[in-house]
Amino acid sequence: MSAKVIQLQCSPNLSSAMAASIRNYVAVQYPPGVSDCALAAREALLTVADNIESVCQTAASVELSRRLSTMLKIAVNYYCDQHTEGEARESGRSAMLAALQGEQVDDTLIAPLVPD
């Protein structure tokens, strides 16, 4: 694995929760009509969310640019803070953050974070 990419596993719960966390963060932090600089970040993050969903339909993992890892971690933390409580929040957050480090995680830990 290249040092410039993150290998994110493509489990059903992880890919759904990761895409939802990215889109939720973008909707709040980068709404339509933002400045040009913020628009680039918005489009990059939305592309990553789309990429996760499309690649994970047929592949075991998806490669993500390590350059976006800080924003992806912020998106995960924001989503977990807004949409879960208690132990489910902390176990789901830990699992998603570990997945962003390229680790294999237990998909059942992420289940409470999957949008309905």
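**Entry 1: the core.** Before counting anything, I needed a definition: a nonpolar core is a set of buried Ala, Val, Leu, Ile, Met, Phe, Trp, Tyr and Cys residues joined through side-chain atoms within 4.5 Å. I also kept in mind that this is a predicted model.

With that settled, I looked up the largest nonpolar core and found 37 residues in it. Leu 8, Met 18, Ile 22 and Ile 52 have the most contacts inside this core. The element that gives the most is α1, with 8 residues.

I then picked Ile 52 and asked what it touches, not counting residues up to four places away in sequence. The partners of Ile 52 are Leu 8, Ser 15, Met 18, Ile 22, Val 62 and Leu 64.

**Entry 2: the cysteines.** How many disulfides are there? I get a count of 1. Cys 10 and Cys 56 are the two partners, with 2.1 Å from S to S. The angle about their S-S bond is -65 degrees, which makes the link left-handed.

I wanted to know what this link ties together. Cys 10 sits in the loop between β1 and α1, and Cys 56 sits in the loop between α2 and β2, so the bond connects parts that are 46 residues apart in sequence. As a reminder to myself, a disulfide is a covalent bond between the sulfur atoms of two cysteines.

Are these two cysteines buried or exposed? Cys 10 is buried at 14% relative accessible area, and Cys 56 is buried at 13%.

Cys 80 is buried, with a relative accessible area of 0%. Cys 37, on the other hand, is exposed, at 67% relative accessibility.

**Entry 3: Val 55.** I placed Val 55 in helix α2. Its relative accessible area is 24%, so I wrote it down as partly exposed. Setting aside neighbours within four places in sequence, Val 55 contacts Cys 10, Ser 61 and Val 62. I also looked up the separation of Val 55 and Ser 15: they are 40 residues apart along the chain, and their C-alpha atoms are 9.5 Å apart.

**Entry 4: α1 against α3.** Two packed helices are described by the angle between their axes and the distance between the axes. For α1 and α3, the axes come within 8 Å and cross at roughly 90 degrees. These helices are therefore roughly perpendicular to each other.

Residues of α1 that take part include Ala 17, Met 18, Ser 21 and Tyr 25, and those of α3 include Leu 72, Ala 75, Tyr 79 and His 83. Sorted by class, this contact has 13 nonpolar, 3 polar and no charged residues.

From the α3 side I followed Tyr 78. Tyr 78 is partly exposed, at 22% relative accessibility. Beyond its neighbours within four places in sequence, Tyr 78 meets Asn 24, Tyr 25 and Val 28. The C-alpha atoms of Tyr 78 and Val 28 are 9.9 Å apart, while 50 residues separate the two along the chain.

**Entry 5: α1 against α4.** Here the axes come within 11 Å and again cross at roughly 90 degrees. So α1 and α4 are roughly perpendicular too. Leu 14, Ala 17, Met 18 and Ser 21 from α1 meet Met 96, Ala 99 and Leu 100 from α4. By class I noted 6 nonpolar, 1 polar and no charged residues.

Ser 21, in α1, got its own look. Is Ser 21 buried or exposed? Ser 21 counts as buried, at 0% relative accessibility. Leaving out neighbours within four places in sequence, Ser 21 contacts Ala 75, Val 76, Tyr 79 and Met 96.

**Entry 6: Asn 13.** My last stop was Asn 13, also in helix α1. Apart from neighbours within four places in sequence, Asn 13 is in contact with Asp 107, Ile 110, Ala 111 and Val 114.

How values were computed. Residues numbered from 1 in each chain as written. Predicted model: local features only at pLDDT ≥ 70, side-chain atom pairs only at ≥ 80, totals over all residues. Heavy atoms only, no water. Buried < 20%, exposed > 50% of the residue type's maximum accessible area, 1.4 Å probe, protein only. Helix = DSSP H or I, 4+ residues; strand = E, 2+ residues; numbered from the N terminus. Contact = heavy atoms within 4.5 Å. Disulfide = S-S within 2.5 Å. Axes fitted to C-alpha atoms, helices over the stretch in contact; angles between N-to-C directions. Parallel < 35°, antiparallel > 145°, perpendicular 65-115°, else oblique. Nonpolar A, V, L, I, M, F, W, Y, C, P; charged D, E, K, R; others polar.
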